[in-house]
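Work through the exercises below with the sequence and the coordinates open beside you.

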Amino acid sequence: MKYENFQTFDVQVEDAIATVTFDFGATNIQGQEMLADLNSLAMRLERDRETKVVIFQSANPEIWVAHYDTELLKDMSTEAVARNEAELLDLQAVCERISKVPQATIAKLEGFARGGGHELALALDMRFAARGKFKFMQMEVGMGILPCGGGASRMARQTGLGRALEIILSAQDYDADDAERFGTINKALDPDEIGPYIETLAKRIAQFPAASINACKQMVYESIDKPIEEALKAEAYWLYQATSRTPAVKRFAAADEQGMEHEMENQRNWNDLVLQVQKIK
């Protein structure tokens with residue numbers, strides 16, 4: 001799969017890990033150019049059976065991705081629409097498509113991510129932020145609108161209602177430690193730690209079967225909003241999607257033949273054993 005001819009970012013792929021580096025103008029503004037690039041990227045990732053992890057970072061030392069382009073927002077309709085006439089906005093549609101790609105996606109946040117930039121980060125599977133560099137904000141209430149790239153919906157799922165409303169209604173900056181406390185990121189890291197941490201995590205995930213990564217991801221997203229009975233059925237469905245496309249049965253058979261589960265040393269060392277089992281194809 002070729003990842004080229006993008007205007008707003010560069011993509012490099014190595015060892016089943018794609019690194020997307022935003023580099024667009026002075027502030028990585030999120031306009032139609034970036035949305036078109038992200039849509040094209042998602043289309044390629046959906047067809048890619050070799051790439052397993054995608055890291056999103058920025059070449060700009062101060063900004064990850066800025067807010068949505070005000071040039072586009074100034075042309076919004078001032079007429080209210082009926083609920084049944086409301087359609088997905090471009091930013092919502094693109095973020096949703098990115099959220100569903102089969103790869104594990106990781107945001108490496110080393111600068112500002114406000115408004116639509118923060119909403120894009122929330123659409124990724126995992127987020128890690130650098131202390132002293134990362135700040136996030138949803139400023140929309142102060143402009144007279146609301147987060148409209150999935151910010152309200154996804155943030156409430158990450159943080160709970162009260163914290164989501166605090167973030168949205170305060171329209172103020174929060175730092176990496178705030179983000180970790182709120183639950184909008186996985187972990188806050190010192191600037192010299194974030195690169196090695198994400199690299200180690202990405203390399204570990206990239207050793208596992210692509211179909212299993214996708215099944216795990218889709219199952220979690222599908223089940224989060226369902227009643228427990230439906231969520232459990234979703235787990236069962238995605239289990240068999242995985243076993244039909246991965247060497248899972250071969251691995252369980254080998255483990256059973258070797259009596260691996262009955263060895264206490266194996267039980268002590270599952271962190272390494274799960275990587276060794278990748279040799280069984």
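Two exercises follow, each with a worked solution. The model is predicted, and local features need pLDDT of at least 70, side-chain atom pairs count only at pLDDT 80 or more, while totals for chains, interfaces and linings use all residues. Residues are numbered from 1 along each chain as its sequence is written, and side-chain values use heavy atoms, with hydrogens and water left out.

**Exercise 1.** Describe the overall dimensions and the burial of the protein chain.

*Solution.* Begin with the extent: along its principal axes the C-alpha trace spans about 70 × 45 × 35 Å. Finally, 46% of the 281 residues count as buried, that is, under 20% relative accessible area with a 1.4 Å probe and protein chains only.

**Exercise 2.** Determine the strand order of the open sheet of four strands, and examine the pairing of β4.

*Solution.* Strands here are DSSP E runs of at least two residues, numbered from the N terminus, and two of them pair if DSSP finds at least two bridges between them. The order is β4-β6-β8-β9, with mixed pairing. At the edges lie β4 (63-65) and β9 (174-175), each of which pairs on one side only. Strand β4 pairs with β6 (residues 112-114) in the parallel sense over two bridges, and the bridge partner of Ile63 in β6 is Phe112.

Technical notes
Buried means under 20% relative accessible area, exposed over 50%, partly exposed in between (1.4 Å probe, protein chains only).
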